[in-house]
Amino acid sequence: MPLYALVDCNNFYASCERLFRPELKGKPVVVLSNNDGCVIARSNEAKVVGIPMGAPAYQWEHAFRKHGVAVFSSNYALYGDLSSRVMSILEDMAPRVEVYSIDEAFLDLTGVAEPLALCRAVRERVTRHTGIPVSIGLARTKTLAKLAARRAKKDASLCGVFDLAAAGAAAAETLLCETEVGDVWGIGFRHAKRLLARGVRTALDFSRLPADWVRKEMTVVGLQTQLELKGVSCLSVASAPAARRSVLCSRSFGQLVEDKEHLREAVCAFAARAAEKLRAEGLEAQALQVFTLTPRHREELPQHQGQATVTLPGPTNFTPDIVAAALRALNEAFRPGFAYQKAGVLLLGLASATGRQRSLLDLPPEERQRKRALMNVLDSVNRRHGRGALRLAISSAPDRPWHMRQHRRSPRYTTCWDELLRIG
Amino acid sequence: MKLRTNGLELLGPIDMDTAPKMLLPLLLAGVQAGFPSPADDFIDKRLDLNEHLIAHPAATFFVRAVGDSMLGAGIHDGDLLVVDRAVEPSSGRVVMAAIGGELTVKRLERRGERLFLAPANPDYPSFDVTAREDFEIWGVVSHVIHKV
């Protein structure tokens with residue numbers, strides 16, 4: 001019988017912020033979105049004092065001060081590093097791991113002799129080695145494992161691990177009865193609303209609906225979710241992540257950008273970063289799209305959404321080619337007289353750089369070799385000296401207006417030599 | 001290839017200038033019959049300091065030392081400390097610990113029934129941390145990297 005565990009990092013971003021700040025233990029912590037817009041993560045204490053998810057920071061400054069909330073800009077360098085540490089421990093300890101998000105992973109424990117003991121050991125080691133607390137739910141299906149992990153997080157008496165598979169049918173029914181239908185993994189907001197209108201309130205109600213109706217109204221995806229809730233495993237752990245179909249690099253600007261020169265610099269930086277991501281995954285792109293957006297909610301401003309796609313001369317991951325193409329696309333996507341808030345570069349038509357057919361239009365092998373060697377140097381310098389240490393002159397220096405606003409970012413304790421914790 | 005002279009152990013060159021001009025992959029070199037190539041010892045990879053300094057990559061963090069309270073343990077102002085959270089703390093080890101919400105680097109010392117965080121410098125006092133609820137060991141300092 002299949003057996004899955006979901007490992008879920010508790011309040012992951014807030015836990016990361018606390019790791020090097022022990023004085024924040026037991027205090028409310030929130031993390032803000034890019035450009036310090038709104039609350040995207042909260043510690044339990046911040047939830048208790050009533051700060052909602054998505055709260056716009058500028059409206060809540062007063063509450064932050066009143067409750068002594070520690071407020072952070074998002075520090076993805078730190079979160080990404082700690083996430084990869086957690087995941088590497090999981091990979092060491094469990095036979096098959098599917099990283100599901102930055103702070104969640106499924107373990108396939110089918111056939112493991114002592115799954116509960118293993119999960120307890122995983123939790124103990126992750127917490128000790130990385131400082132990040134995790135909750136683990138064990139169950140016969142991934143959907144149930146999600147629910148079990150939620151329960152493990154909420155019920156302190158479980159010490160962070162809940163084995164639903166061993167808990168018996170009555171316990172499973174109780175858990176489904178306590179779960180609102182909209183909290184079930186795979187039931188989106190829209191379906192939840194329709195189900196509620198039909199009087200389907202809990203996961204248990206949903207599991208008892210006629211299968212025909214579920215299939216008709218919610219397609220085979222809904223049916224899978226229903227079967228999974230009944231303990232029939234439909235979703236397996238994908239041991240190899242599906243190959244990427246596109247690479248996106250986009251960002252909201254720290255302040256509105258009108259000047260085409262600044263936009264060119266930003267698009268260059270995005271294109272260069274996207275090309276770096278491509279190379280890191282051994283891929284090449286065949287086309288590229290640039291988009292620009294004015295702030296939609298600022299109705300007093302003239303609005304423009306620009307977008308242009310160009311085909312690359314051949315599959316490539318060579319930064320200068322991709323940057324040049326992005327700049328050509330920007331000429332189409334930019335219109336003077338608008339204040340842009342966001343721009344991005346999307347790489348399309350991705351294929352492996354090694355396993356593809358040669359074409360007559362390809363560059364001669366020695367030319368490809370030279371380009372590849374140059375990119376290797378670029379990537380290794382940037383790996384060693386930090387992102388952007390070596391870049392095209394056009395993508396220019398930091399402190400440009402298009403850089404993100406991150407006034408309250410914590411130091412990049414684990415990824416930047418100049419920002420290590422200083423300790424006496 | 002190891003040589004031992006006056007307590008110094010030579011592990012082999014790490015300087016690329018002294019390595020053979022063409023580096024062959026290990027497998028190719030092994031195909032050759034007869035005597036092993038004298039170059040085989042060099043075809044190994046170069047020494048990697050990470051291997052020496054980092055026993056548990058997922059659990060290892062770097063921090064920067066400030067001040068002179070741990071001079072006696074060889075920790076100078078500005079030194080880089082390698083902190084390993086996977087190592088079991090024990091009396092006598094230098095640890096990074098939280099006390100009263102602040103992180104500090106001190107030596108952990110058991111004196112009879114009591115536990116202390118002790119500086120390695122007579123100018124500073126020890127803290128008695130026995131049964132203090134706001135005391136927590138963060139990790140064990142495994143190496144000091146000091147620039148000479």
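Ala, Val, Leu, Ile, Met, Phe, Trp, Tyr, Cys and Pro are classed here as nonpolar, Asp, Glu, Lys and Arg as charged, and the others, Gly among them, as polar. The structure is a predicted model, in which local features need pLDDT of at least 70 and side-chain atom pairs count only at pLDDT 80 or more, while totals for chains, interfaces and linings use all residues. Residues are numbered from 1 along each chain as its sequence is written, chains are lettered from A and ligands numbered from 1 in the order in which they are written, and side-chain values use heavy atoms, with hydrogens and water left out.

One cavity of 30 Å³ or more was found, a cavity being a set of points, on a 1 Å grid over the protein atoms alone, where a 1.4 Å probe fits but cannot get out. The largest cavity holds about 60 Å³, the volume being the space filled by probe spheres set on the points, with grid points joined across faces, edges and corners. Its lining (residues with an atom within 4 Å of a point) includes A:Ile423 and A:Gly424 from chain A, and B:Asp68, B:Met70 and B:Val105 from chain B. By class, this lining has seven nonpolar, three polar and one charged residues.

A pocket is an open set with protein on both sides within 12 Å along at least five of seven lines. The second largest pocket has a volume of about 1,000 Å³ and is lined by 39 residues, with A:Lys25, A:Thr127, A:Gly131, A:Pro133 and B:Glu136 nearest its centre. Elements giving two or more residues to this lining include α5 (115-130) of chain A and β9 (135-145) of chain B; helices (H or I, at least four residues) and strands (E, at least two) are DSSP runs numbered from the N terminus. The largest share, six residues, comes from β9(B). The lining of this pocket has 14 nonpolar, 12 polar and 13 charged residues.

Helix α11 (residues 260-280) of chain A has 21 residues and reaches 30 Å from first to last C-alpha, close to the 30 Å expected at 1.5 Å a residue. Just after α11(A), A:Gly282 takes a positive phi of about 65°.

A:Gln226 lies in helix α10 (residues 211-229) of chain A. At 1% relative accessibility, A:Gln226 counts as buried (under 20% relative accessible area, with exposed over 50% and partly exposed in between; 1.4 Å probe, protein chains only).

Methods: Expected span 1.5 Å × (residues − 1).
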